[in-house]
Amino acid sequence: MQRRISTSSTSPREPIRRPLVWVLIGLTILAGVPWYLPSGLIEPVVAHLPGWFWLSIIAAVALSAVTCWACLTQWELEPHDGEDLS
């Protein structure tokens, strides 16, 4: 008779299963789409580009940072119990 092993203790840690990662990704995407600004808003202009452009760029960099953080800290990359990844 085989004994069942809990998958939670043997499965690798993945960021897709962490709600915090999804919340941070959702917030940065919502911040990057300027739906909350008035229609036709051009001011302020910084470096000859409207402010919403810079807001979108900052949100894209933040999304990249969240993704890097999730990959570096929330993902388990080392093999379990003598597994070989090659």
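1. Helix 2 has 14 residues and spans 20 Å from its first C-alpha to its last. That is close to the 20 Å expected at 1.5 Å a residue. The model is a predicted one.

2. Which residues of helix 2 are buried? They are Val 21, Thr 28 and Gly 32. Viewed down the axis of helix 2, its buried residues fall within an arc of 40°, so they line one face of the helix. The cover over these buried residues includes helix 3.

3. Is Leu 30 buried, exposed or partly exposed? Its relative accessible area is 47%.

4. Next, Trp 75. Its place is in the segment after helix 3, a helix that covers 51-73. With a relative accessible area of 35%, Trp 75 is partly exposed.

5. What does Trp 75 touch, leaving aside its neighbours within four places in sequence? Its contacts are Arg 13, Glu 14, Pro 15 and Ala 70. Glu 14 is 61 residues from Trp 75 in sequence. In space, C-alpha to C-alpha, Trp 75 and Glu 14 are 4.9 Å apart.

6. Now the chain as a whole. It holds three helices and two strands. Along the sequence the pattern reads α-α-β-β-α.

7. Take the contacts in the protein chain with a separation of 6 or more: residues 24 or more positions apart account for 63% of them. The pair Trp 75 and Glu 14, 61 residues apart, is in contact.

8. The protein chain has 86 residues, and 13% of them count as buried. Val 21, Thr 28 and Gly 32 of helix 2 are buried. The protein chain exposes about 7,200 Å². Carbon and sulfur atoms supply 67% of that area.

Terms used. Residues are numbered from 1 along each chain as its sequence is written. This is a predicted model: local features need pLDDT of at least 70, side-chain atom pairs count only at pLDDT 80 or more; totals for chains, interfaces and linings use all residues. Side-chain values use heavy atoms; hydrogens and water are left out. Buried means under 20% relative accessible area, exposed over 50%, partly exposed in between (1.4 Å probe, protein chains only). Helices (H or I, at least four residues) and strands (E, at least two) are DSSP runs, numbered from the N terminus. Contact means heavy atoms within 4.5 Å. The expected span of a helix is 1.5 Å times one less than its number of residues. The arc is that of the directions from the helix axis to the C-beta atoms. Accessible areas come from the Shrake-Rupley method with a 1.4 Å probe; for residues, only the protein chains shown count as cover.
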